[in-house]
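User: I would like to learn how to read helix packing and pocket linings in a model such as this one. Could you take me through them one feature at a time?

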Amino acid sequence: MLLLRLLHFLLGYVRFKAWGDFPERLLNLCAGRGIPVWGIVRRKGCIQGMMYVKDYKKMRKIRAKSGARLRILEKKGLPFILRRYRNRAGLLVGLLLFFLILRVMSGYIWTVDVVGNERVPDSEILAALEQVGIEEGTRIASIDPANVRQRLILEVPDLSWAAVNIEGTKATVDVRETREVPDKIDESVPCNLKAARDGRIIGHQVTDGSLVVQMGDAVVAGDLLVSGVVEYADGASGFKHAAGKVFAETQRTITYTALFHQQETYRTGKVQRRRALKLFWLEIPLYLGSVRGSYEREVETCRLAFGDDTLPISVVDAAFYETAQRSYTLDEAGALDLARRKIGELEAEQMQGAEILSKSEEVETLEEGVRLTVHYVCKENIAVEEILSINATN
């Protein structure tokens, strides 16, 4: 813990070595007298540990009773530093100011951690926490964990539960996410397969249910393809989870207009770097002047840490890349090439899972550019599940 390590530093401590016939007896005597010893490790023929410097002075009597021998290996902490610099009053004043500031800062949140989330990104939860009153620099006394928990769940609909735990200067927000609705209906639930889009049936792979369409049939979105209601030879009816694929020949269209007059933003190659020190929400510039003009900003933030604990102090390195705009004009061939590239990107995005059987282009030259329309003939599985309403069938 940060506070415990800080206490060790303030009081001063020594790392010692004990050896002899029974060095363990020395530790037992320390425990009996309430002398704290930590960081105990065994070495060949000896024991090493740490204790406060004030307690080490009591070890002379204990050492005589235990029969162990002692030696100081290392001295650490503020008392030893002050003794070394006792003639430098300015340094002493600076240290006192530092610990005074540290005492004041201990009343504020230094870091906010989010745990328990998988789908919802940390950035979204942290942004919502700022809205409900928890961020770096928030006074701990002003936080109402129960109120924050309720408001956070309202701010982030994908969260079903939240808890706010404050330990020292660290706020840990533990969350639970809502369950995702599965893409497929549970196999124990009766359902039909219906058409997701218009098309002409060209194949099927039905593993359960009753196929109600034939090869060559034209269907529109919403038509029944495979029924979950089955009839047996004895005339009885049953309900099943219809399953399988129904392939159809479908038609799709994508249109894009490429303008003759184009503008683009580019980096000129000139870059300015700026560094700032950030304490909570306060950013202190470590530079003179400002960056003017158009630029793109890239930021790297380095958080300072003390051991395993993160401090509310960051060094912010920002790079400002100067940008400019340039205009250029495409001829008809260039505009058509641009339109084809853009349609290729839209095709990859919109037609996943569809097999393109053929495509044809329509090119229209306009006053402002070239409009390209591509017509596709595809083969794709158009069957989607829909829960069977049993009451409606009775």
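User: How are two packed helices described?

Analyst: Two packed helices are described by the angle between their axes together with the distance between those axes. In this predicted model, helix α2 (residues 23-32) packs against helix α4 (residues 59-66) at an angle of about 135 degrees, and their axes are 9 Å apart. Because angles over 145 degrees count as roughly antiparallel and 65 to 115 as roughly perpendicular, α2 and α4 are oblique to each other. The crossing in which α2 passes α4 is right-handed.

User: Which residues of α2 and α4 make the contact?

Analyst: On the α2 side they are R25, L26, L29 and C30, while α4 contributes M59, I62, R63, K65 and S66. Sorted by class, the residues of this contact of α2 with α4 are five nonpolar, one polar and three charged.

User: At what angle do the axes of α7 and α8 cross?

Analyst: The axes of α7 (122-132) and helix α8 (residues 145-155) cross at roughly 130 degrees and come within 9 Å, which means that α7 is oblique to α8. Here α7 passes α8 in a right-handed crossing. The contact is formed by I125, A128, L129, Q131 and V132 from α7, and by V148, R151, L152 and E155 from α8; by class, these are six nonpolar, one polar and two charged residues.

User: How much space lies in the second largest pocket, and which residues are closest to its centre?

Analyst: The second largest pocket holds about 400 Å³ of space, and of the 19 residues lining this pocket, E130, E135, E136, K278 and R303 are the closest to its centre. The lining comprises eight nonpolar, four polar and seven charged residues.

Notes
Residues numbered from 1 in each chain as written. Predicted model: local features only at pLDDT ≥ 70, side-chain atom pairs only at ≥ 80, totals over all residues. Heavy atoms only, no water. 1 Å grid on protein atoms, 1.4 Å probe; cavity = no way out; pocket = protein on both sides within 12 Å on 5 of 7 lines; lining within 4 Å. Points joined across faces, edges and corners; volume = space filled by probe spheres on them. Helix = DSSP H or I, 4+ residues; strand = E, 2+ residues; numbered from the N terminus. Nonpolar A, V, L, I, M, F, W, Y, C, P; charged D, E, K, R; others polar. Axes fitted to C-alpha atoms, helices over the stretch in contact; angles between N-to-C directions. Parallel < 35°, antiparallel > 145°, perpendicular 65-115°, else oblique. Left-handed = near helix turned anticlockwise from the far one by under 90°. Contact = heavy atoms within 4.5 Å.
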